[in-house]
Amino acid sequence: MRTLMAQPFTLDDVTRLRRTVAECARSCGLSSPRLDDFVLAVHESVVNAVEHGGGHGYFKLWTVNGLIRSETSDAGTGIPDGYVNGGISPLDLAQGGRGIYLIQRLCDTADFDTGPGGTTVLLTMRLPSGPDRVTHEAMKRIRVMAGCRPFGRFTA
C-alpha cells in the first residue's frame, strides 16, 4: 500500500484537492476518460461531505495491488434511505441529488458506510497494468453527458 495523500478538508480545499487527486491518479497511470471519471467521482464525494456532512471531512488516497482508492469521511447525519440503494433516481429529483448516482456509475466500485455518526465513501478504480499500461479496453468506462436536453435528464 502506498499512501498518496491524507488530509482534512473544508470548502476552501475542494478545488486544490481535486487538482491534486488528478495529478496523483495520472502519475499512477490512470488516463482519460477513466481519469476524468475517477476525479469527478472523488469530487462529488468531497462536495457531498461539505454540503451534507457538516462542512468538512477527511480525505485519503492510496494505491494497492493495482488499484487506486479514495476514502472520503464526514461526521454528518448520514445519507437518507433510498439514495445509496437506488430507491431514488436522479429523475425523481428536481434539482441536485445526483452526486451519489454519478459516484456509483463512474468508478469500478463505490462503497458507502453511512449512519447518524457520519458517512464514509470508498471509491476504487483498477489501474492499467503492464509496462505500457494499455489495458483500457477491458476496463469499465462510463461517460455521463449533459447537453441540450432538459434539465435533469442524463445519458449514461
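User: Before the fold itself, what does contact mean here?

Analyst: Contact means heavy atoms within 4.5 Å. In this protein, take the contacts between residues at least 6 apart in sequence: 63% of them join residues at least 24 apart. Keep in mind that this is a predicted model, where local features need pLDDT of at least 70, side-chain atom pairs count only at pLDDT 80 or more, and totals for chains, interfaces and linings use all residues. Residues are numbered from 1 along each chain as its sequence is written, and side-chain values use heavy atoms, with hydrogens and water left out.

User: Which elements does the protein have, and how do they run from the N terminus on?

Analyst: Helices (H or I, at least four residues) and strands (E, at least two) are DSSP runs, numbered from the N terminus. Here you get three helices and five strands, in the order β-α-α-β-β-α-β-β.

User: How much of the protein counts as buried?

Analyst: Buried is under 20% relative accessible area, exposed is over 50%, and partly exposed lies in between (1.4 Å probe, protein chains only). By that cut-off, 41% of the 156 residues are buried.

User: How many disulfides does a search of the whole structure find?

Analyst: In general, a disulfide is a covalent bond between the sulfur atoms of two cysteines. The cut-off is a pair of cysteine sulfur atoms within 2.5 Å, and the search turns up zero. Cys-24 is in no disulfide, its nearest cysteine sulfur being that of Cys-28 at 6.8 Å.
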